[in-house]
Each structure stands twice: as structure tokens, then as C-alpha cells.
Amino acid sequence: MENLHQFDVIVIGAGGAGLMAGLYASRTAKTAVISKLYPSRSHTGAAQGGIAAALGNIEKDTPEWHCYDTVKGSDYLGDQDAIEFMTNEAPQIVYELEHMGLPFDRTPEGKIAQRPFGGHTNNESGRPVRRACHAADRTGHMILQTLYQQCIKNKVNFFDEFQVVDFLMVDGKAAGVVAVELATGQLHTFHAKAVIFATGGHGRIWEITSNAYALTGDGIALALRRGIPAQDMEFFQFHPTGIYKLGILITEGVRGEGGVLINGKGERFMPKYAKTVKDLASRDVVSRSMYLEIRDGRGINGQNYVYLDVRAETVNKYAAIDGRTNPDGTPYTVTGEEILKKLPDIIDFCRTYLGVDPITQPMPVQPTAHYAMGGIPTNVYGEVLLDENKTVVPGLFAAGECACVSVHGANRLGCNSLLDIVVFGKHAGQRAAEYANGADFAALPTAPEQPARAALEVFYKGDGAEKVFDLANEMKHEMFANMGVFRIEEGMKHALAKIRELKERIKHIKVSDSGKIFNMELINAWELNNLLELAEVTTVSALARQESRGGHAREDFPKRDDANWLKHTLAYKKDGKVELKYKTVAITKYQPKERVY
Amino acid sequence: MEVTLKIFRYNPEVDQKFHYETYTLEAEETDRVLDVLERIKGQKDGTLSFRRSCAHGVCGSDALRINGRNMLACKTLVRDVGEKITVEPILGLKVIKDLIVDMEPFFDNYKKILPYFINESPLPADGKERLQSAEARARFDETTKCILCACCTTSCPSFWASDDYLGPAALVTAHRFIFDDRDEAAAERMQIISETSGLARCHTAYNCTLACPREIPITQAIGELKMVSVTGKLD
Ligand SMILES: Cc1cc2nc3c(=O)[nH]c(=O)nc-3n(C[C@H](O)[C@H](O)[C@H](O)COP(=O)(O)OP(=O)(O)OC[C@H]3O[C@@H](n4cnc5c(N)ncnc54)[C@H](O)[C@@H]3O)c2cc1C
Ligand code: FES
């Protein structure tokens with residue numbers, strides 16, 4: 001067979017999760033990393049604020065506090081055993097990144113610098129704690145570069161600009177993947193003992209988003225088509241501070257440095273909603289507060305945005321009111337210059353895209369679709385779990401944003417994703433290599449690339465009455481309007497009907513590019529199909545869940561309902577329909593209670 | 001406002017030679033050039049091919065020649081370039097299709113300078129971080145910003161003349177490691193970049209610094225490397 005490759009372990013995706021998995025798997029097994037983007041283009045590089053670990057470099061902090069904060073942040077839907085595992089491993093993995101050369105910012109003593117971040121607290125005082133380890137406001141960029149560089153050093157095999165379009169399963173075991181080589185249009189079959197999905201998020205379902213064009217949820221969609229469930233898809237995080245209309249992210253680090261949210265009446269409104277941590281409440285809480293301010297006419301000039309203000313005079317005024325101090329007890333103050341040094345990229349984005357200078361002007365912001373808490377269900381070793389009994393799928397692994405361990409439950413805390421991708425990327429890589437070293441290759445199906453070819457060819461067969469661009473816009477608009485920060489049954493039903501309509505209309509697409517080389521029109525059509533698949537699963541899961549929890553806020557069921565809904569959703573695709581099952585949540589130390597910030 | 005884009009087109013499967021195609025459409029002056037390209041692809045001509053991902057200047061996918069200068073399409077607004085916009089692939093790398101060039105020679109050059117942290121000394125006994133002063137960290141801050149978009153390298157006359165010149169991007173990464181006081185391979189890297197295909201080919205044209213979308217003072221960084229190569233001393 002032409003274009004047949006054989007590896008012990010195949011990693012799909014070269015963001016932080018995929019690179020970490022590739023690095024670890026390749027130590028003991030023949031491994032390849034396949035990515036539709038050059039590794040350094042992955043969206044991990046866009047992460048700004050930091051990576052959470054209780055190093056206690058500046059003030060007292062412990063992994064237990066980090067664990068509790070994450071459980072609380074998750075609105076008690078996170079699995080506590082998994083969360084404890086992650087927060088315990090956090091300090092060591094951050095040190096490991098430093099040992100790999102990652103250029104963290106430094107404290108005056110030369111240790112890794114840390115800043116406050118939403119939902120991360122000193123559990124004794126309830127006040128924000130400095131837990132986010134950072135490298136200016138480009139921490140993700142540094143992680144991505146460092147891991148890619150280490151992969152080059154360790155001679156990891158890469159297939160860059162190869163798009164995986166099918167996942168092969170034989171007798172319930174992973175057997176490999178099929179990918180399009182974008183530069184030639186040829187299909188390649190990768191025969192493997194173990195397959196690790198690390199394909200990132202799917203925020204492109206929504207209109208206002210912080211997510212890259214490439215975040216189309218391919219991995220989850222491919223898994224769904226092979227009978228693997230998607231867990232907790234109704235929980236999608238809307239980050240409070242996206243640049244108005246563009247959705248480009250303004251890191252929570254801005255509020256960590258003392259920035260505050262201001263409404264159209266010039267008031268700092270967060271103390272009304274979170275009296276202790278105020279602007280540093282967890283993201284779901286802040287996004288909802290902004291939405292309520294805007295709904296009640298208190299947006300700026302009555303419009304649907306508010307201001308994020310990090311001008312030195314504003315920061316200093318509210319720091320004094322809050323009694324915020326430096327570690328040595330002196331009052332906390334900043335200058336414009338210091339802000340510029342700590343947040344250079346944010347300042348640059350605002351200047352470039354808005355013509356606004358945050359040193360002297362407030363920034364217009366609105367909630368932006370940001371992060372998928374849901375994904376392919378796994379345990380802490382990255383092993384994919386098929387059902388409510390946690391049956392392991394032999395040879396199949398997932399890590400990073402496309403996976404759901406679940407450490408984020410119903411709402412992720414800032415800086416916990418970069419942590420998640422390196423911790424679980426590492427374990428998935430290690431476990432996949434161990435598995436592969438004790439397993440044989442599953443026999444490939446005959447003509448393994450045939451289903452992939454068919455799935456692509458349909459996009460040449462339509463009558464041309466529809467365009468990918470228009471369908472995508474309709475989907476994004478509908479999802480932002482009816483599957484956004486607040487939800488209600490009627491709206492969700494409307495969204496579901498729309499998605500199903502779009503799933504019909506996509507059949508009319510006819511790709512005009514008949515070439516092989518970089519046929520991005522064809523690829524974009526295929527990706528839209530994935531987005532629609534996930535939009536449907538998300539909406540069906542959300543409609544069923546009759547409560548409000550974390551990132552899933554319903555106007556018709558405004559309260560959390562632990563008696564009926566303290567459970568994970570598992571969504572399956574069967575014969576074109578979405579079927580739901582539920583799985584228990586692991587609760588070890590912390591009994592669910594009301595969340596107050 | 002109405003904008004007119006003149007776009008370089010080349011499809012090796014059908015074309016003998018490249019040509020330009022012109023598209024006229026409505027745009028806001030705050031639209032990114034990338035937004036306009038997306039609309040052309042989405043609504044007017046699906047065959048137009050280009051790379052993109054993050055759409056806000058951090059992934060390095062969409063370095064293009066816009067009105068004759070290298071820029072990221074996603075970090076350039078219509079109001080920055082006016083209503084007549086010429087879009088071409090970056091120079092010095094082979095065109096594969098339309099605006100997509102072969103990035104392999106660029107990444108090959110990057111890999112030559114040992115673009116990874118090297119320190120074989122024992123780790124701190126407590127297993128924690130190596131210490132580094134804030135000043136030492138600041139020494140190479142600018143050159144950590146590189147996103148490997150190739151705007152700099154493909155604006156450099158020396159690189160156009162011959163792609164065995166390592167080019168500014170590779171030198172920027174060399175700087176990032178050579179001036180990191182935790183790294184132990186400065187001498188080895190200096191050796192590599194001091195060979196004929198390295199520092200000596202830089203004639204301070206300054207194009208790279210002007211082209212860098214991350215505003216890295218590249219010419220200065222290369223100047224610092226040249227100083228090291230002359231004096232043999234880091235500072
Ligand atoms: C703007 C922004 C800022 C953020 N800031 C922070 C922060 O400060 N702290 C924090 O903890 N988290 C932050 N996050 C979240 C965090 O960055 C992401 O969740 C995380 O980086 C995801 O990493 P990943 O490795 O799972 O996926 P990604 O980095 O997105 O990588 C996905 C990879 O999969 C590949 N891929 C996808 N589909 C295919 C396919 N079909 N075939 C082949 N390859 C494929 C892509 O090429 C890519 O290499 C931020 C997110 C955004 C968007
Ligand atoms: S699309 Fe990422 S830099 Fe322009």
C-alpha cells in the first residue's frame with residue numbers, strides 16, 4: 001500500500017498536550033506527532049496569563065488550596081481524585097518546564113514569578129493568592145516554543161501540515177488514523193498500536209470567540225463517529241474579557257494586576273456579585289455579572305459591552321479601597337510603565353485592533369467563547385473511557401482541551417488549562433508508550449483510507465446551492481445568541497432546530513477547487529461538518545440538563561440541583577441521533593456546598 | 001468603503017505561470033486584511049489558498065507581502081494599507097500555491113542553530129527551579145517573542161540572494177539562547193552562526209526590524225551577536 005506508515009504511538013496534535021505526549025512517548029516507543037498546523041502555530045501559543053501551581057514563591061500557598069479552589073471553581077462537577085492528582089503534580093511539572101529552559105519571569109530572589117488569577121485563593125483569608133506562574137503575557141507562547149524545541153532536541157518525528165480525517169478502530173481497539181497531506185492532497189494511513197488525540201478545542205462554533213480558525217473540534221468529532229462518547233459538552237466557558245466585537249482575549253492577568261470592570265454608569269460593579277474577590281471571581285460568575293449589567297442597561301452608552309480599566313490611577317484607587325498590599329505589607333501601587341512591562345501583548349492588541357491605549361484609556365470588552373470543559377472522557381493516565389462504568393478503550397488516549405478528565409467540571413479556573421495539558425499530556429504519552437510496548441498491532445481494515453476518501457468526496461457532490469462561509473456564519477450567530485452565557489429552553493430548541501437545518505443544508509455544498517494541493521476549501525467544508533456535529537451534541541446535552549451549574553446557566557432553572565444533576569453527561573452518536581447517558585462524579589474530600597466568592 | 005485587492009495567484013496543477021486576480025468588495029476600515037481574504041475565499045473564489053490560524057498576530061501563519069511589505073494579514077487593518085491592496089506571497093521561498101510558500105528551508109535554518117535549551121549540569125538538589133536574576137532574564141526578553149512567521153527572513157536581501165544564509169529569524173533564536181545565562185552552549189552556537197552562512201551575511205539592511213510584527217529589535221540583536229563574535233565575550 002502506498003503512503004503507509006507504522007508507529008507504536010501516534011499523537012494527533014502538536015499543541016502543549018500533543019508535544020508533551022510526543023516527548024514522553026518517544027522516550028520508549030516509536031512515536032510520530034501529526035499536526036494540521038506547524039507545531040509552533042498551535043493555539044497553546046495564544047495563552048497569555050500563566051500556568052497554575054502552588055509553588056508559594058511569593059506568599060504561602062499549598063496544593064490542597066489549589067485543589068479546593070479547582071473543585072469549587074468546577075461547581076463541584078470536577079472529579080476530585082483527578083483534581084488532587086493534577087494539583088499535586090503541578091509544582092513539579094512547572095519546575096520541569098523551567099528545567100527545559102522555559103523563560104519564566106523572576107522574583108527579586110530569582111525564583112519563578114507568580115501573579116493572582118481568578119478563583120485562586122488563600123483558603124484561610126479567602127483573598128486572591130499569587131499562584132499563576134508567568135512569562136509576561138505570553139506564557140503559552142513560551143510553553144509551546146519550549147516544548148517544540150525539546151522535541152527537536154530529542155528528534156521526535158513530525159508530520160507537519162497533515163490533517164487527520166479518520167480514526168481507525170478494529171474490534172473495539174485503536175488501530176491508527178488516516179490523514180491528508182495538505183501539500184499534495186494525498187491520503188496517508190498511519191498504522192499504530194496506540195493513538196493519542198490532542199486536537200485542542202472547538203470554540204469556532206461561536207461568533208465571538210478567542211479561538212483560532214483551526215479549533216474545529218476534529219478529534220472529538222472523529223471519536224464520536226467511532227462510538228466514543230463526548231462528556232460534559234454543555235459546559236463551555238465564556239471568558240469575561242474579549243475585545244468588543246473581535247473576541248480577542250484580554251487575559252485575566254489584567255485583573256490580577258489590579259484592573260477592574262466598570263459599567264456605563266462609571267461604577268465598579270463586581271463587588272455587588274462577589275464581595276470578597278470581586279473582579280477576580282471565577283469566570284462564569286464574572287461573565288454572568290457582565291451580562292446582567294448589560295441587560296439592565298448599564299453597558300457603556302447602553303451598548304453590549306463594559307470597560308476593563310487598567311490605568312494606573314484606577315488600579316491604585318481600587319487597590320487602596322480593597323486594602324491590597326505587597327508581600328512585605330506595603331500598599332500595592334503600580335505605574336503605567338510597570339503595566340506596559342507586565343502586559344505588553346495586551347497593550348499591543350488594543351493599540352492595533354482598537355486604536356485604544358490601555359495605559360491611558362479603558363478597554364471595551366464583552367464575554368467571548370473561550371474554552372471547552374467537555375471532551376473525550378479519560379482517566380488521569382489519558383486512557384479513553386467508553387461508558388459510565390469507565391471501561392477503557394484499548395490503545396486510545398486523549399489529552400489537553402479535547403479531553404475531559406474531568407478536572408474542570410462545569411467551569412475551568414484560569415491557568416488550569418496550561419497545567420492540564422502538560423500534566424495529562426505527559427501521562428498520556430507515558431501510558432500510551434507502555435501500552436504499545438506490551439501490545440501487538442491490530443490488523444488494519446482492508447482499504448483503510450476508503451471511508452476518509454468518501455467523507456471528503458461528498459463535498460464535491462452537492463448542487464452548489466450553499467456555501468461553507470454562509471453556513472458557518474449562521475451557525476456561529478445562532479450559537480452565540482442562544483447557546484451563550486445564559487440559556488433558556490426555548491432558545492436552545494431554536495438553536496437545535498437551526499443546527500439540524502444546517503446539517504441538511506451542508507449536503508448542498510459543492511467545493512469549487514478541484515485541485516489536490518492545499519485544497520483548503522475542501523478542508524474547511526470538512527471542518528464545518530465537525531463543528532456542526534459538536535454544536536448539536538452541545539445543545540442536546542444542554543437542553544437535557546435542567547439546572548444551572550458553572551458554564552451552563554439557565555434562566556428557566558437558575559439553581560444548581562445536586563439531587564438530580566450532580567453527574568457527568570456522556571453523549572453518543574448512534575444512527576445519526578444523539579443519545580445521553582450519565583456518569584457519577586468522584587467526590588473525595590469536599591462535599592458540594594453553595595459557591596460564594 | 002470599497003476595497004480592491006490584487007492578489008497573486010498560482011496553481012501548479014493548472015497554471016504554467018503566476019498571474020494576478022483582482023477582487024472588489026465592501027470592507028470596514030477596521031477589518032483585518034485577513035478578514036477581507038476570508039470573505040473573498042468564502043464568497044467570491046473558494047480556490048484562493050492561504051494559511052491562517054490565530055487571527056491576532058501570535059501564531060505566525062499568515063506572513064504575506066502586502067503592498068510590497070512583509071506583514072501578518074491578521075495584524076494589518078484595511079485603514080493601515082488603504083483601499084488598493086496588493087497581496088503576494090513572501091519572497092525567497094518557493095511558492096506552492098497562491099499565497100502559500102514552502103516553509104521547510106526556513107525551519108531547516110532554524111534547526112541548524114541548536115534551537116533548544118542546553119544545560120547538562122546537575123539540577124538543583126531540591127528539585128526546584130534554577131535561579132535566574134530578573135536582570136539576567138530581561139537580557140534576552142525581546143528575542144523570546146519570535147513567532148517564526150518569517151516576515152524578517154523573507155524581507156532580507158541576503159536571504160533572497162541565497163537561502164543558505166541562516167537569516168534573521170534563526171539568529172534571533174540563537175540570541176535568545178546565547179544570552180540566557182542558564183544555557184551552556186553559547187560557544188557552540190557562536191561557532192555555528194560565525195560560519196560563512198551566518199552573521200557575516202548580515203549587511204544591516206534593517207528590513208528585518210521593520211518587518212517584524214512582534215517589534216523585536218532584530219538588527220540590534222544581530223549586532224550584539226556580532227560583538228560577541230568579535231570580542232569573544234558575552235557583555
Ligand atoms: C487566547 C487564549 C488564552 C489562553 N490563556 C490561558 C492561560 O493563560 N492559562 C491557561 O491555563 N490556559 C489558557 N488558555 C487555554 C489553553 O491555552 C488551551 O486550552 C490549551 O493551550 C490547549 O492546548 P492543546 O494542546 O489541547 O491544544 P492546541 O494548542 O489548540 O493544539 C491543538 C493541536 O491539534 C492539531 N490538530 C487539530 N485538529 C487536527 C487534525 N484534524 N489533524 C491533525 N492535527 C490536528 C493542531 O494542529 C494543533 O497542533 C487560553 C486559551 C486561549 C484561546
Ligand atoms: S493568523 Fe496567526 S499570526 Fe496571523
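Two strands pair if DSSP finds at least two bridges between them. Strands (E, at least two residues) and helices (H or I, at least four) are DSSP runs, numbered from the N terminus. With these two ideas in hand, you are ready for the close-ups. This is a predicted model, in which local features need pLDDT of at least 70 and side-chain atom pairs count only at pLDDT 80 or more, while totals for chains, interfaces and linings use all residues. Residues are numbered from 1 along each chain as its sequence is written, chains are lettered from A and ligands numbered from 1 in the order in which they are written, and side-chain values use heavy atoms, with hydrogens and water left out.

**View 1. Two hairpins share strand S8(A).** S7(A) and S8(A) pair in the antiparallel sense over 8 bridges. One of the places to look is Asp166(A), whose bridge partner in S8(A) is Val178(A). The hairpin of S7(A) and S8(A) has 2 residues between the strands, and Asp171(A) in its turn has a positive phi of about 50°. Strand S8 (residues 173-181) of chain A is mostly covered, with 8 of its 9 residues buried. Buried means under 20% relative accessible area, exposed means over 50%, and partly exposed lies in between (1.4 Å probe, protein chains only).

**View 2. An open sheet of 3 strands in chain A.** The strand order is S3-S5-S4, with antiparallel pairing. Strand S3 (51-52) and strand S4 (114-121) each have a single partner strand, so one side of each is left without a neighbour in the sheet. Follow S4(A) to strand S5 (residues 128-133): 4 bridges join these antiparallel strands. Thr121(A), for example, has Pro128(A) in S5(A) as its bridge partner. As a reminder, strands of a sheet pair through backbone hydrogen bonds, either parallel or antiparallel.

**View 3. The shell around ligand 1 holds 39 residues.** A residue is near a molecule if one of its heavy atoms lies within 4 Å of it. Which residues come nearest to ligand 1? They are Ser42(A), Thr44(A), Glu401(A), Ser417(A) and Leu418(A). The shell divides into 16 nonpolar, 19 polar and 4 charged residues. In this grouping, Ala, Val, Leu, Ile, Met, Phe, Trp, Tyr, Cys and Pro count as nonpolar, Asp, Glu, Lys and Arg as charged, and the others, Gly among them, as polar. Now zoom in on some atoms. An N or O atom in the side chain of Thr44(A) is 2.5 Å from an oxygen atom of ligand 1. A nitrogen atom of ligand 1 lies 2.8 Å from a backbone N or O atom of Val164(A). Taken alone, ligand 1 exposes 1000 Å², and the protein buries 98% of that; such areas come from the Shrake-Rupley method with a 1.4 Å probe, and for residues only the protein chains shown count as cover. Helix H1 (16-28) and strand S7 (162-170) of chain A are among the elements that give two or more residues to the shell. H12(A) gives the most, with 4 residues.

**View 4. Aromatic rings meet edge-to-face at Phe85(A) and Tyr381(A).** Rings of Phe, Tyr and Trp (its six-membered ring) pair if their centres lie within 6.5 Å; planes under 30 degrees apart count as stacked, over 60 as edge-to-face and the rest as tilted. The structure holds 24 aromatic pairs over all chains. In the pair of Phe85(A) and Tyr381(A), the centres are 6.1 Å apart and the planes stand at 80°, so the pair is edge-to-face. Phe85(A) lies in helix H3 (residues 80-99) and Tyr381(A) in the loop between strand S15 (376-377) and strand S16 (383-385), so the pair ties together parts that are 296 residues apart in sequence. Tyr381(A) counts as partly exposed, at 31% relative accessibility.

**View 5. Phe159(A) and Phe190(A) form another edge-to-face pair.** Their rings are 4.9 Å apart centre to centre, with 80° between the planes. Is Phe190(A) buried or exposed? At 0% relative accessibility, Phe190(A) counts as buried. Phe159(A) is buried too, with a relative accessible area of 14%. Ring pairs link Phe7(A), Phe159(A), Phe162(A) and Phe190(A) into a cluster.

Technical notes: A polar contact is a pair of N or O atoms within 3.5 Å; within protein, one must be able to donate a hydrogen and the other to accept it, and residues adjacent in sequence count only if both atoms are side-chain atoms.
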